[in-house]
Each structure stands twice: as C-alpha cells, then as structure tokens.
Protein chains: 4
Amino acid sequence: MTFPHLPPDVAELRERIRRFIREVVIDSEPPPGGRLDQATRGRLQAAAKEAGVFAPLVPTEYGGQGLSIEHWSPILHEAGYSPIGPVALNCMAPDEGNMHMLNLIATEEQKKRYLAPLAAGDVRSCFGMTEPHPGAGSDPAALRTTAVRADGGWIIDGHKRFTSGAVGAGFCIVMARTPAVDGSPEGATMFLVDMTNPGIWVGEAIHTVDRSIDGGHPHVYLEDCFVADDAVLGEVGLGFRYAQVRLGPARLTHCMRWLGLARRAHDIALDRAGRRELFGGPIDSLGLAQHLIAESVIDIETSDAIITKTAALLHSDPKAGSAMSSIAKVHCSEAIFRVIDRAIQICGGDGVSDGLPLAQYLSEVRPFRIYDGSNETHRWAIARRASAGRHASVRAGERYRGDAVVGQDGGA
Amino acid sequence: MTFPHLPPDVAELRERIRRFIREVVIDSEPPPGGRLDQATRGRLQAAAKEAGVFAPLVPTEYGGQGLSIEHWSPILHEAGYSPIGPVALNCMAPDEGNMHMLNLIATEEQKKRYLAPLAAGDVRSCFGMTEPHPGAGSDPAALRTTAVRADGGWIIDGHKRFTSGAVGAGFCIVMARTPAVDGSPEGATMFLVDMTNPGIWVGEAIHTVDRSIDGGHPHVYLEDCFVADDAVLGEVGLGFRYAQVRLGPARLTHCMRWLGLARRAHDIALDRAGRRELFGGPIDSLGLAQHLIAESVIDIETSDAIITKTAALLHSDPKAGSAMSSIAKVHCSEAIFRVIDRAIQICGGDGVSDGLPLAQYLSEVRPFRIYDGSNETHRWAIARRASAGRHASVRAGERYRGDAVVGQDGGA
Amino acid sequence: MTFPHLPPDVAELRERIRRFIREVVIDSEPPPGGRLDQATRGRLQAAAKEAGVFAPLVPTEYGGQGLSIEHWSPILHEAGYSPIGPVALNCMAPDEGNMHMLNLIATEEQKKRYLAPLAAGDVRSCFGMTEPHPGAGSDPAALRTTAVRADGGWIIDGHKRFTSGAVGAGFCIVMARTPAVDGSPEGATMFLVDMTNPGIWVGEAIHTVDRSIDGGHPHVYLEDCFVADDAVLGEVGLGFRYAQVRLGPARLTHCMRWLGLARRAHDIALDRAGRRELFGGPIDSLGLAQHLIAESVIDIETSDAIITKTAALLHSDPKAGSAMSSIAKVHCSEAIFRVIDRAIQICGGDGVSDGLPLAQYLSEVRPFRIYDGSNETHRWAIARRASAGRHASVRAGERYRGDAVVGQDGGA
Amino acid sequence: MTFPHLPPDVAELRERIRRFIREVVIDSEPPPGGRLDQATRGRLQAAAKEAGVFAPLVPTEYGGQGLSIEHWSPILHEAGYSPIGPVALNCMAPDEGNMHMLNLIATEEQKKRYLAPLAAGDVRSCFGMTEPHPGAGSDPAALRTTAVRADGGWIIDGHKRFTSGAVGAGFCIVMARTPAVDGSPEGATMFLVDMTNPGIWVGEAIHTVDRSIDGGHPHVYLEDCFVADDAVLGEVGLGFRYAQVRLGPARLTHCMRWLGLARRAHDIALDRAGRRELFGGPIDSLGLAQHLIAESVIDIETSDAIITKTAALLHSDPKAGSAMSSIAKVHCSEAIFRVIDRAIQICGGDGVSDGLPLAQYLSEVRPFRIYDGSNETHRWAIARRASAGRHASVRAGERYRGDAVVGQDGGA
C-alpha cells in the first residue's frame, strides 16, 4: 500500500511505528492461542513511549501523538501488523474508542481523572453497552439497564455482557436508561463507574476465539450501584447520540488495525508461495495460487480505499461518515477474513497448524463480523438508508425511474 | 455518494453536468438495444457546449473544462448516469483516452491537426492496438503489425481487430512494431493515420453486445500504408510506454463512467423496491431485497473509493497509479456488473424486458470485464506484482515470514 | 457427465437424441439474437419424428417416448445442448409443462382435443397465470382474474402478462379465481380457452432478452370470455394445487434443458482454451483459466446431482420433490448463468460478439433466475420451510440446541 | 434431508444410529476445544457395539454392519452429527479408510492381524504418505521415503509428516518408493509397519485447529526400519494405484461425516433464529437471516446430492468415481465451511464463544479444504481432466466449437 498524501511528520511517525513493530513487538508475540502477559505489555508500552510512538491517536497534552482521524489509517495499519501491536502502542479497543469519546465529551476534571491514566497506559477501561437478550444487543434501543435519581447522584441497576476488557479494568463507561429529569429528555445516559465501586462486579467469563483484547468479554453486573453526579459523562439523556460518536470511529479503527493483520497474513502467504515447489515449479507461478493472491490484493486495496474515504468523511461530515462506516465495516471485516483464509489455504497444512500464526489470526478476525453490530444488522441499516435516501430525492423532484415502458419497440 | 473535498468550481461543474444529463440527455436516449443516431449526437453536443459542460477532461485551450485527473471521477460519474452521456459530453472512449494521450505527447502541429477537431467533437478517432490471434491481444508484446522506413516516412502493414470506434472515424492511432533506426530502440511506435489514407480501411464488423461506443469494433486493415514522418506520435520506439500512459487513465475513466450507469440501475431498483408489493408489503421491507440493495451499496461505494485512490495515485505517481488501475478495473468491472444484475433481479420480469433499460445496461458493462485487458490477465499481473514486490522487500532486509515453527507449544 | 444407472432403452434414446442434435439441429440454429422460423421448426420436428426422438416426455399413446421423470434429465440435457433442440423435440416450455399437466388431470375428451395435437406439434399452447402488479406475480395468491358461473359455463375476466408462448398459440390454460359453487371450495380454477374464443386476445408484446420460447411473453386479455363447462381442467377450486403439480416438474425441466446449454458453452470454452495462446502458452495451462474451468465443472456436476435427486423425489414423494425443486431451481439457474459467463470470459472479445453464441446464451438464461418464481422468492420459501421443519422437529421431541452454555470452561 | 430409496434394513440402521448419537453420544462430547478421552472412547464404542451400530462400513465377518458404499452417506451423515460420533462408531479417518483398503487388498493373514483388531476398535492406525517439502505433499509423485530389498524383507528410510492418528496407533501403512525388483515395476509400495518396530517412531507434534482425529498429526520417522516380506500390502510397485483406491472413498467419507456436522450447526442456527428477537420480531422473520438460512439449505442439499452421485459412481465405475470425488470434495468442503460460518453469524456473539460449539466446528472443518489434497490442487486436476476429456472427444470426431464466425449478421 502507498500513502502518497501523508504530511511529512505523519509519514515519519508511520515509518517509526513500522520499525518499532518489526524490531521490538513481533519478537514478543505470544504463541498462537496464547495471550499477552501483563509484564510484556508493560515492557512494550514503556519501549513505545521511549520510541515516541505511544498512544498515536491521543492528543499531545495527554502524552499522545495527536493525529487527526484522516491519518489514523496508515498508523493503525502499521500497529496492527502485529496482533499485540495496538496494545503495545495503546491504540487498542476498547480503550482507544473510550479515549476518543472522553476527549470529545468529558469535563476537564473527568479527563484528568480518567483520560490521563488511560492515555498513559496506567489503567484499562471497558464500555458497558451490550446486554443479554432481550436487552441491548445489536439494537441499542432495547437497553434494559436503568439509572434513577438518588440524592447527589444516580443508582444504576443492570446486567451487561460481552463487556470487552472488563477483567482488570479501572473503570467502565456504563450506558443506562434514564427518565426525563430536570429538563433532560428521557433516553440513555453514560456514566463513568470505577470498577472498585461495590455496586459493580465482573461476572462469568465468555470464552471467545479471539485473544487480542486484554480483559476478556465477561458479564458485568450492577446492583444498587451509586455514582455521584460528576459520574455523568456528557449530558443526561444524550447517551445514544454519544454512542454513535464513539461507534463510527471505533468501527473504523477496527478496520484499520485488522487490515494490518491481513497484510501480515498476506506477506506470509507471499513468502510461502515464493518458496514452495509444487508440481516442479514454485506455487506462485501457478495460476490457482495467483488467483488467490490477486483476490487478496484486491480485498486489501479496496479495504484501504473505503477506510480512507470513510475517515475523510468522519472528519468533514461525521453523520455521513458514521453511515459510511457501516459500509466500511461490512466490507473490511469480510475482506480481511478472506485474505487470512486464503493465506491459510496457500500455506496448506502449516496454515492450520500453530507452526504459523494464521489460524489464530482467523480466530482474531472472525468475531469482527459480529462485534460492533453484526454485518447483517449493518446490511439492514445500509439498505434502509439507501431506500430512504432515494425516496427523499424523488420527493424532492428527482424523476421516479421504476416504471416499465409498455410496448416499447427497441432495437433488440 | 458524497464528494466532501471538491473545489467549489468542480462541485459547481458537477452540479451543472448532473442537471444537463437529467434535463437534456436522458430524454434523448435510444430504446434498449438501439444506438444514438448522428443527428441526436450533434444536437446533444451543441447543447453541452452551450451549457458549458462539454469536453470536461480536455484542456481549456482546446475548448474543454480542463479538469485535473483527481476530479475526473465525480464528473464522469454524472456523465455516465446516462449511457449516452459521455458521448454527449465528449468524454467517451476511445476519443477520451486518445485526447489524453495526444495532449501529453503530440507535437503542437499534431495537436492542432488532430486534437483540436477531436476535442471539438468534429471528428471521432480510434486506437489500433488489438490484433487477431496470435497477435497483440491481451499481450501487447505479441504485436504483429509492422512499420518500416520508407523515403520521408514509413510503410505500415498489419491487421487490427476490435478497433473500437473505427467506422466513421477521422483518424486512427496505429501501434506498429518498428526496427531499431537512427538511434531509436527496436520496439513499437505510434502513428497518426488518417482514415482517408488509401492504405488503411475498415473491414468486417464485430457485432458485440454493447451499444454505447460509436463506430463499432471492426477489423481494420493496413496494407502498404504510407505515412509521412510527421505521423509519428511521440518518439519512435516508445510506443509501449505511451500505451501504458494511455491505458492506466483509460481503464479508470471506464470505471468512472460505468459506475454512473450502475448508480442509475441502482436508482431504478430502489424506486421499484419502494413501490412493489410482495406478499402484502413493499419488497424493500423484505430482507432478501434488502440483502441485494445493501450488497449493491457496498459495491458502489467501494468502487468509488478505489477509483478515488487510483486517480490520486495516477496524479502523484503514474507508475504506481497504473498498477493500481489494474486492481480498480477488476474490482469495478465486476462490482458494476453485479449492481446492474441485482437491479434486474429486483425488477423481476420487467428487468429482463426492454420496458426497463436494465438488460441493455448489463450488455453494456459485460464486455468491460474483457476490454482493456481481461480481468484474468489483470489478476495475473496483480499477483505477479504482489509477489515481486514482496520478494524485493525480503531481499532488502524485511524478515522472511514463510517458515513454520516446528513443535511450538501454543496456548491452543 | 456420466449416467451409470440408465436402463438400456433410455441410454439408447439418449444416444440417438445426442446424435440428432449434433447432426441435424445445430446446423439449423438461427444466428445469435435471431429466432427459429416456423418453416425450420416444422422441418426439424418432422425429422425428429422420423428419427424416433420426438416428444420424449409424452406418453407413447400420444406419439411420445413415454419416459419416466427419473429419466428426463439425461434426455433433456442432450436436447438443451442446442437452444432450439427442445423445440425440435417438442419438449420446450410452456408446452412441455402443459402436456405433463394435461396428461395428469385432463379428461379423455380434453386429452383428445388438446393434448393430442399439442403432443404432435400441430399446435402450441400457453399458460395464463402471471398478472400485472398487484395481481398474481411471484405470489399466486394475489390472483385477480375471475371466473363466474354462467348458463352452461363460465365467464372469465382478467389481464395476464408474461404469457409465454401466447402469440400463435392454439389454446391457453387460464388460471382464474372462482367462488365457492356447487360444493366446490372457493379458490382458483384452471380453464382451457381456445385462442379463437372472441373473449380472449393477445395484447402488447413484452420484449425480453431470451429468444428460445416461441410465441413471446405478451399480455393476454380476457373480457366476457365465455367457456363451456367442459373447459374446466380438473376440478373447480383446485387450481392452486394443480399449479403446484405443474410447477415442480416445470421448474426442473428448465434446469435440465439449460444445463445442456451450459455444457455447450463449457465445450466452447474448453475448445478455445485448448487452442488460444496467451503469453506464449495455451491459456488452459494457465491457472486463471483453470480456475474458471474447474469452477464451471463443479457448477455443472452439482447441478446435475441436485436435478437427479429432485427428479427421484418428485417420482417417489411429489410434495417433498416440489419443495426440493425450489432448491434445485435456485442452484441451477445461478450455476448455469455462471458457467456461461465464465465461458464468455475465457473467449475474450469473441465471447461478447456474435461470432460466438455465448452472449446470446447468457441472455437466454438470465431470465431463468426470475421466471417460475424469482430466486429471491424461492429463497424466502426455502428458509421458511427450513425453519418450520426444524420447529416441528423440536416440538416432536428433538432437543432444542439454541442455548449457549454459560461459563463453560473449554479446552481453548 | 430425505433418503427415499434406502433399503429397509439400511433405513432402520440409520434410524438406530440417529437415536444412538442423540441419546448416548452427544452428552459425552468434550467442551469446545477439548478432546475425547480414551475412557469415554472405550465406553462409547462398547455402547455402540451393544446397540448394533458399531463399524457400519466394515464387513460383517469383522464385526461390522457391512454396508455398501451406496449407503454410506445417510449413515455417516448421522454419525457426523456429533464430532465424536464417527469415533464412537469406529468409522473415523484414518482408520475407516485403512479398513476399506485392507479389506480390498490385504491377504487373509494380514486381515487377521491388522484389520480384525482395527475393526474391533482394539487398535488404531495411521497412514504414512505426506512428507515434508519437497517430498510428497499434494503431489504423491514427489515421494522421498524409500524401501530397498534386504534379506527376507525391506529396509525403509524416510520422514513422514501430518501422519494423522500416529500417536498411540498400533501400526502405520507406510508408502515408500521402491525400485524395480523381481519383475515388479519401479514405483511406490505400501508396507504394514508395527509402531513397536524400533525403526519407526513418532516425532514432533503438529498442533492443528481440529480436535476430532485421535492421535494428532505428528511427524513420523523411519530409519533402517526392517520389515519382513509379509509386510508388503498388495503388490510391490502398485502403491500409487492403491493410494487412489483409498483416497477416492476416503475423501467422500469426509464429506459425509462433515455434512452431518454442518447439519448440526444448521439446526443450532435454526433454533436460535426461531427464538431470538431482533428489532421487535423473531430474527428468522427477517430477510437477512432468511438469506443465510436459504443459502445454507442449498449448500447442504447440493452437497448431499453430489455425495450421492459420487458414491453411486464409485460403486459402478471406480475410476470415474474417483475423478468425481475431487469435485465432491471441493464443493462439500467449501459448502460445509460456509454453513457453519453462517450458523455462527446467526448466533452472534454466542457463535464465537464456547457457549456454543460452532466456533470449534469451524476449526474442525477448516482443514478439510486442505487435507486429502488442497482444494486448489483438486481444482487444477479437475480443470486438467475437463480439458483432456474434451480434447479426446474432439479427436474422436466431436465438432470443434471454438471458432468465431466472422462477419455473421445476427438478429441483434
């Protein structure tokens, strides 16, 4: 991939991250199926700070590199070349999305207390939105966790699930349904809840096939959980709107990181294809491998292109960008899965063994088609928006084109 | 589609073209299977000149709108919303690619004689490269047409095929193999040959399923065809290099135009889906139509994104851009075909009748997967470039990643 | 394809048809886009009678070969190797389906009057079911044509559309909604209507991309159309049930015929691939063509297999066979389209010209994904049946398997 | 799925196996990622013997059910409904394929010594063919293991890899290259080697993502491994021919077993779809889930159909059946993967957790696209056979159809 339009400082940062990943991070990767231990995590994050590549998306006043969203992709692409790269650089979900949102809507006091240590890698965080059926799953409107007014604060009750990163997290951003109070609309509100609060605790683990998110995806319970007024993140009743603010970019940074991993898998496949002899010749001279390689290149480059387009749109028109992020998420999550799957195929038996990391990569990205809204939910939303947009154009005067001409005598 | 970053004058031109297509061009479309007649062509081109939308890609000194390649896409997208739009605006293949190349490499004299009337829509042109098997088909290196030195010029002999636009063309840019002469390398050379030259004539027609290119795709024969020295376009022996200069952008402008047509088909489908009742409800409320619609949106937006990326690259790094144009061509030609195919499916029986133009649109774009190098030839080239690029990286020090670790004891 | 289990007489008939198609029929094919003229049709049918290959699906007492449905596929496969083969052999839609239904439910008198001349090729027929929106399209239940009791018969009023074969047909089997009368249930009833009846006439043509069905797909109007009691086909009120009797096998015979055409396209591609030189070697030694060829073989063989399975089921369990025919129709119509599309790709520019018949073949089979119920309607029905079947199993005691185990501690 | 043509005793056996799997086996399944322990294996096999469902493919004289290959599919389909079902019933790879081959080509003495205990489940076996690069991988002809004549026997030297089942196996069928001796041709020979032989030992494990094959896929080394003359399986020099005898059916039984597992995944998805509420309604009323379900039904039924076709062909014409088994293997292995992948998607987050077994099922079947010859190798072979077959037909007089007609004037 080429990035012709990067400003020199971003290009230089990208190059530094590229070297850091290759020279420092990759050698510390756990074996397939393993997890990054906390000591290695600390060591890598320290090295990343020293190398000036830490927290690339975080504002400089919080110790980051202060990149604009238009330049996230080439950076996260390099970070994601290692499955532990984004953690080493502190730009992994869910912390990365939480930092982005905190920076946009938290008070200065909240930033000092929550954003600063998060940006420094001193604590981790989680985001409590998803609930067990029939609560908020793919449909946030089904939210069942509630917060009610109490003296000087709120009392939250509810049950969260798939709370990525919760084990060992310092705090959780909890989404709860709130009544109309004090002029605020009925709706959802976000709360900053310390995990030391006795009203919140981590429940059963959900063992999933991915390994790269620290802190698992457990159930989290809230019962009589009192938080003070200053725990409200942003304004009361605007939680769904903030969730959108978080989700659009968060979806896209997943695309960026996993595209890096797809490129890693593709490199493994190219290396293997360049060496392996099959039927008397190198496999990459054979068209069936060439077919797979070409398809992967097309998947990688179109993914990169739709990410770039979406990032630019999120920058200039966040609402349109958020809609486009659904399209990018569906395309990239499926394209990336295919790239890794093809790399496995090219590597044959080694591809499904842990002699190569490819099978684990497939497990890392399989959930991506489900997390952050399943692709089918996004397809539904994409179709609805397309239909609604077209109907609006027709109502605004664009000619309706759905009528068949009867008895037209064509040239055929 | 949204174009957040267009300069105001380009955005304004796009809007004017959009209106011109909808208000003037669409009503003049021939019925499905029919062809644009010359009178209508003339009338529409005159109207386009008057509306200030004529020849958008041509430099202003030749009467065009002088757009940079980075801004071609939104413009050609609007032109292509009608299958006759690009002809009406004089930005259709093969003239458009010929004008681009003439502008880059012709002498001032040649520009005056060939580019000026072409840009004005007064003549049409063709490009004589493809030959019958076993000559230059997908593989230009197999070129069999030859030109040899004669007194004050050259004598060309050969047989071309699929010479798009040749019937009624004023001149042909003929690619011929030339020996090493006068310090020029052996190779291919381009010649500007007037179709009135007695040594060139149009042969048998090749009836293809597309209708939007004026002048058919006939055989063209050259026998003892004498041209003077000033018929050489660019330098002797550099024909293959110029062909690349032409082909990269030409491939991409096809993508741009046909993407406009795909959008037209998609609008027809959306309109139909919004009205049609099926099983008691509108078809677009049904998930199977939603699946088709979402897939088409994804195809349209990823095509737009890879076009934008490729155009930027052609602007900043033509060689990398030309390589990327293979990827864009394969993706877009297949995505566009799918979009139109799905629109047909959504429209049911009307979709395959000429009560709607969709079946004809499918015939327009089917050849696009073959013309300008078949997609399989491009896939071969894409895979080769990917392998070669990776091997170069490894030779330059990047770690080889194709070795499986034996006996590694993973966490799985 | 191999047919290991054919009885000797069927194998012999297949071989005779194979030779008849190759030696007699193919040379009489019209050029791409053309139609079979009536004189040639007559001549070929006469030759087919003489060769003992006429009307293979028709009972011997009506001059046919009396094949059981289990043996239709290898026979129709051979017939369909030419797009005019099924007409030459009188086993083309819609006559073939009408003959099948007449044989099953017509009275002896009706058989003599309608089936006999149809089987002999002396008249053609049509089937009047589909109506303009919002009438019976993909959803037969929306039927709007009505028949009411009149003295000694019925009066039919309605508007049909896509009435394949109507131009020049001798009679039409008209589906009309009938009230509950004389103990018959309210529902639909089938009527045999002579096209000479002044109450029925052929209206506007619908020009579609296919050419192989004689008599077009026009609108048909019925107004005050009186028919006598003996025009009722089968029993009053059972029209929908009969339609199913017709549709299951009719869907499947389409699959059989078009699979023959797919094989023709595949042979063209294999021949071309065996000759064509590309980059210095035959194209079929190149993996990208091999990829296309292998995919087509898989499509052809799986289509053949699901047809065989469905035919056996239609024989032993018509209801299950009819459900399976939806699956066969969706798979085969898409597989056959892909096979022809790939053949075009392998043949390059010739593939989209009428120098080869492939582009026309693509137009022949494109509507197959829409006719006889669009594939999306069938997918909807397939999914509904799968869900209903599984729910019934669970209600009958099969264990419900949709619950996730919480907190299970796996080996992963 | 329905099996209309099963003889009553086979239908009865199928029903018994179906009940045995559901009532006995499923409750003993290890958690996702876990392996069947030996005690449970023994207990299940004992229960299977008692239930009269043990070793269904083995001849009755060796204690099996003696099924003909035409009836394997419905039986293995039921066995495969549980990932441990085939082991419980002693019809799992590699033992099942080894038993099939031993039964066909072993001497009575060899059968007594090797087949009898294998059929009884008292020992396990492995098949030593695959070797490390550049030895016999996808290409058996590259075989590097050698056997040379020694006094009263042979001495084998070599290195095998991916020797499925080797850990704990009682014997290995080793494929080795042998010189022309005593009138036998140069070629490959199969040897029965006891794992207690000091010249053979199990080396490094290869950890793969599948769990259902007992005994892993380790390296196996042979050094100075002496075996007596009676260790030769079949005739000297015919090893490649025997390998084909084994591989065709072995490929197909994989398809049968895994299709059962796909059906299990599909049932889980149907159950989940029937319960889950999404946007206020059950998810299976939504078209996007319906799309996935319909696609899975089509994949399941076409897989079943091509398996049935191939089994019949292996019965009547083993050579043609073996060629068809390549097609079945490619189609089924990809279709089955898709079915499980879609089931995961329908189940959302639970689908990628070990609360459901689906993610593990995906890991079970992913290698199936690689084992027994990668699908790309099979595609290459399929294309080659198609080209060769067509060329032979043309040489035998079938008309060559690859020529384009020049200047044909069609109706288009």
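**View 1. The domains of chain A.** In this predicted model, the domain assignment divides chain A into domain 1 (8-119), domain 2 (125-238) and domain 3 (240-395). The C-alpha centres of domain 2 of chain A and domain 3 of chain A are 30 Å apart.

**View 2. Where domain 2 of chain A touches domain 3 of chain A.** On the side of domain 2 of chain A, 14 residues are in contact with 12 residues of domain 3 of chain A. Strand β5 (residues 187-194) of chain A contributes the most to this side of domain 2, namely 3 residues.

**View 3. Helix α6 (residues 108-119) of chain A.** Between its end C-alpha atoms this helix spans only 14 Å, whereas a straight helix of 12 residues, at 1.5 Å a residue, would span 16 Å. After α6(A) comes Gly121(A), which has a positive phi, near 80 degrees.

**View 4. The buried and exposed residues of α6(A).** Tyr114(A), Leu115(A), Leu118(A) and Ala119(A) are the buried residues of this helix. Seen down the helix axis, the buried residues of α6(A) fall within an arc of 120 degrees, so they line one face of the helix. The exposed residues Glu109(A) and Lys112(A) are carried on the face of α6(A) that is turned away from the buried side.

**View 5. What covers the buried residues of α6(A).** The elements that cover these buried residues include α5 (95-105), β1 (125-128), β4 (171-178) and β5 of chain A.

Terms used
Residues are numbered from 1 along each chain as its sequence is written. Chains are lettered from A and ligands numbered from 1 in the order in which they are written. This is a predicted model: local features need pLDDT of at least 70, side-chain atom pairs count only at pLDDT 80 or more; totals for chains, interfaces and linings use all residues. Domain bounds come from an automatic or database domain assignment. Two residues are in contact if their C-beta atoms, placed from the backbone, lie within 7 Å. Helices (H or I, at least four residues) and strands (E, at least two) are DSSP runs, numbered from the N terminus. The expected span of a helix is 1.5 Å times one less than its number of residues. A residue is buried if 20 or more other C-beta atoms lie within 10 Å of its own, exposed if 12 or fewer, and partly exposed in between; C-beta atoms are placed from the backbone. The arc is that of the directions from the helix axis to the C-beta atoms.
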